[in-house]
Amino acid sequence: MNKLKRAGIIGLGSYVPEKVLTNFDLEKMVDTSDEWIVTRTGIKARRIADKNTSTSDIATISAQKAIKSAGINPEEIDLIIVATVTPDMAFPSTACIVQKNIGAVNAAAFDLEAGCSGFVYAMSIGKNFIETGMYKKVLIIGAETLSKIIDWEDRNTCVLFGDGAGAAVLGEVEENEGILSTTLGADGAGGECLNMPAGGSRMPASADTVKDRLHYIRMAGSDVFKFAVRVMPKASKEALELAGLGLEDIDYLVPHQANIRIIDAAAKRLKVDMDKVYVNLHEYGNMSAASIPVALDEAYRKGKIKKGDNVVLVGFGAGLTWGSAVIKWSI
């Protein structure tokens with residue numbers, strides 16, 4: 001009987017567009033203020049892709065960086081998963097476009113839609129493909145150009161989101177390292193709390209859907225906030241339990257970057273000091289599926305995460321969905 005392989009991260013990369021949109025810029029666009037945004041969210045700025053830049057473009061850059069970090073060739077990649085709610089188009093998948101761009105000619109490719117939880121979902125899938133022996137190298141990407149689906153007249157949502165991409169190459173690592181556990185969940189009953197009503201088969205694009213501004217993000221902020229505060233610690237604890245670890249074993253926490261109050265609440269419930277929590281939402285806002293991988297790449301490059309650390313990733317998002325992973329850091 002073949003011994004079960006252990007999957008782990010062997011390379012990381014991220015990219016954010018150059019254009020910075022500050023809260024002071026938004027003050028000139030909608031009825032809001034820097035103080036209002038910072039007090040309620042912790043966000044001070046966000047990155048915005050230009051009109052000619054698509055999700056696959058920034059996903060490709062992050063993928064190339066991750067591949068270089070892993071020290072492999074694109075031809076070695078067996079599978080590409082792109083987690084996104086802002087694909088280039090309905091089809092072909094953004095993952096297939098990235099495959100072409102990076103020359104990963106031997107890779108299967110598909111997109112995954114789980115909102116802001118998407119990167120953890122992709123990690124869980126990639127982990128299982130590697131550990132069953134079906135694939136050896138899996139490229140997972142969280143990438144979003146949320147600025148393309150933001151209603152810039154809605155002050156409640158336009159202040160929250162930004163664009164970016166993060167990627168990881170998963171491969172085989174030592175038995176006592178790598179992705180120790182993942183846990184995923186969904187509550188479809190909360191789907192209307194965070195959605196984009198038009199553009200699919202239920203409400204195809206028409207002159208009326210455009211006029212009624214139905215191709216933009218809609219969110220019931222207080223409902224999503226309550227859900228997040230409850231589910232982030234719960235998912236983290238479940239993943240720790242599956243890994244045979246407790247709260248005291250957390251060395252570093254990389255949460256979804258949506259709201260500083262949500263992050264603070266999760267850290268307190270998990271009994272993790274904020275100096276062990278990576279926060280970059282003040283710079284980038286909520287980048288949905290890109291949020292966790294961009295934060296993870298930055299934390300690693302800044303030396304916040306070290307070999308042997310127990311790192312917890314946790315996110316929540318549209319669906320409603322949630323996911324958490326526990327990683328024994330191996331690079």
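I will go through the salt bridges, then one arginine, then the pocket. Please keep in mind that this is a predicted model.

There are nine salt bridges in the structure. Take Lys307 and Glu177, whose closest N and O atoms are 2.9 Å apart. Lys307 is in the loop between helix H10 and strand S12, and Glu177 is in the loop between strands S7 and S8, so this pair ties together parts 130 residues apart in sequence. Lys307 is exposed at 54% relative accessible area, while Glu177 is buried at 13%.

Helix H10 also holds both Arg301 and Asp297, four residues apart, about one turn of the helix. They form a salt bridge at 3.1 Å between the closest N and O atoms. Here Arg301 is exposed at 56% and Asp297 is buried at 3%.

Lys211 and Asp212 also pair, at 3.3 Å from N to O. Lys211 is exposed at 59%; Asp212 is partly exposed at 40%. Finally, Arg6, Lys127 and Glu131 are linked in a network of salt bridges.

Now the arginine. What does the side chain of Arg47 reach? Arg47 sits in strand S3 and is buried without a salt bridge, the nearest side chain of opposite charge being Glu283, 5.4 Å away. Its side chain reaches the backbone oxygen of Pro17 at 2.8 Å. Beyond its sequence neighbours, Arg47 has contacts including Val16, Glu18, Asp163 and Tyr284.

Last, the largest pocket, with a volume of about 930 Å³. Its lining has 33 residues, and Val85, Glu113, Ile149, Asn195 and Met196 lie nearest the centre. Strands S5 and S9 each supply at least two lining residues.

Definitions and conventions
Residues are numbered from 1 along each chain as its sequence is written. This is a predicted model: local features need pLDDT of at least 70, side-chain atom pairs count only at pLDDT 80 or more; totals for chains, interfaces and linings use all residues. Side-chain values use heavy atoms; hydrogens and water are left out. Buried means under 20% relative accessible area, exposed over 50%, partly exposed in between (1.4 Å probe, protein chains only). Lys and Arg count as positive and Asp and Glu as negative; His and the chain ends are not counted. A salt bridge is a side-chain nitrogen of Lys or Arg within 4 Å of a carboxyl oxygen of Asp or Glu. A polar contact is a pair of N or O atoms within 3.5 Å; within protein, one must be able to donate a hydrogen and the other to accept it, and residues adjacent in sequence count only if both atoms are side-chain atoms. Contact means heavy atoms within 4.5 Å. On a 1 Å grid over the protein atoms alone, a cavity is a set of points where a 1.4 Å probe fits but cannot get out, and a pocket is an open set with protein on both sides within 12 Å along at least five of seven lines; lining residues have an atom within 4 Å of a point. Grid points are joined across faces, edges and corners, and a volume is the space filled by probe spheres set on the points. Lists of a residue's contacts leave out its neighbours within four places in sequence.
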